[in-house]
Amino acid sequence: MTMPNSPKDLYRPRRAEIREVIVENSQIKTFVLAFVDRAHNGSFTYQPGQFMMVSVPHCGEAPISISSTPADSGTIHLSVRRAGILTAALHDMKQGDMVGLRGPYGRPFPMTALAGSDLLFVAGGIGLAPLRSVINTCLAAGHDRRITILYGSRTPSDIAFQGDLASWGQTAGVNCLLTVDRSEPGWEGEVGLVTGLFAQCALEPDESKALVCGPPMMIRAVLAQLADRGFADGNIITTMERHMKCGVGICRHCHMDDKLVCKDGPVFTLEELKRLKVMELRG
Ligand SMILES: Cc1cc2nc3c(=O)[nH]c(=O)nc-3n(C[C@H](O)[C@H](O)[C@H](O)COP(=O)(O)OP(=O)(O)OC[C@H]3O[C@@H](n4cnc5c(N)ncnc54)[C@H](O)[C@@H]3O)c2cc1C
């Protein structure tokens, strides 16, 4: 028998069953998945920041970050924003339906390097998905330095991962702040861009690492704010999104200069990105 992920089987997805669908908001659902092959499900492992290639027959395949933590063995969480054909098909699926999964792929967040630092997480919208994996992994490991989480949504109804946000807000040593672009009746929290929350944070750039995920415009604004506050480029870590076909460094569809988002990323430091012609960094 040929082993999956040998070169011959590089593109062959494994069947995975949807065990649960969590509606995060009108645009985002989290799918709790388990591989049908029990042996594989038991041995499957990954690191925060890695992604899976998810496929639905006749609808295509796309990279989706793993939003659960490796310690949640037995299931994988993929949080999916409705964007096009594949993600719309996923949003129509229910408990018991099957999808195809390949992976995990990509360079993860540098978890060992994060362990000894204060951590600042800045996310917008679905950008919290990969950071959720990092945050919950750090908390499970007993991270003993300060954690600050800044999360921005378009409106209060768009706030995703509400259970996590509530639990982080109640965790000792964690400062979790939310803001929305546009208020709605009943919202008494902050209104404005996520960068507006920086004023409420005590940050020590020399002791900190910042992890930033979200739409390109938000990333640009946050990187500028972090530079103003004295964060070194090597201590700013973000993720890049590019359309990709293979996920394994063969098609080169996701290249940024000589780097590939699927293999060299999706996690990059700002120091690394500044060496590339990355449109997200252009003013
Ligand atoms: C490493 C990585 C991790 C990701 N993680 C997540 C995640 O956790 N959750 C999540 O929801 N999404 C995630 N994405 C984004 C997701 O892979 C894309 O949104 C994907 O395109 C959705 O597939 P689709 O078939 O539904 O939409 P598509 O049909 O691919 O369309 C999505 C959007 O892209 C546009 N588009 C389509 N083809 C092209 C093209 N060739 N060039 C430019 N624009 C095009 C479409 O007009 C549409 O606006 C991630 C992407 C990467 C690279």
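1. Start with helix H5, residues 162–169: its buried residues are Asp164, Leu165 and Trp168. Buried here is under 20% relative accessible area, with exposed over 50% and partly exposed in between (1.4 Å probe, protein chains only). Helices (H or I, at least four residues) and strands (E, at least two) are DSSP runs, numbered from the N terminus.

2. Looking down the axis of H5, the buried residues sit within an arc of 100°, so they line one face of the helix. The arc is taken over the directions from the helix axis to the C-beta atoms. As a reminder, an α-helix has 3.6 residues a turn, so residues three or four places apart point the same way.

3. What covers those buried residues of H5? The cover includes helix H4 (128–140), strand E8 (147–153) and strand E9 (174–180), with contact meaning heavy atoms within 4.5 Å.

4. A note on provenance: this is a predicted model, where local features need pLDDT of at least 70, side-chain atom pairs count only at pLDDT 80 or more, and totals for chains, interfaces and linings use all residues. Residues are numbered from 1 along each chain as its sequence is written, and side-chain values use heavy atoms, leaving out hydrogens and water.

5. On to the rings: there are three aromatic pairs (Phe, Tyr and Trp rings, the six-membered one for Trp, with centres within 6.5 Å; planes under 30 degrees apart are stacked, over 60 edge-to-face, the rest tilted). Phe35 and Phe44 have ring centres 5.0 Å apart and planes at 55°, so this pair is tilted. Phe44 and Tyr46 are also a tilted pair, at 5.8 Å centre to centre and 40° between the planes.

6. Ring pairs join Phe35, Phe44 and Tyr46 into a cluster. Phe35 is buried at 4% relative accessible area, Tyr46 is buried at 6%, and Phe44 counts as buried at 15%.
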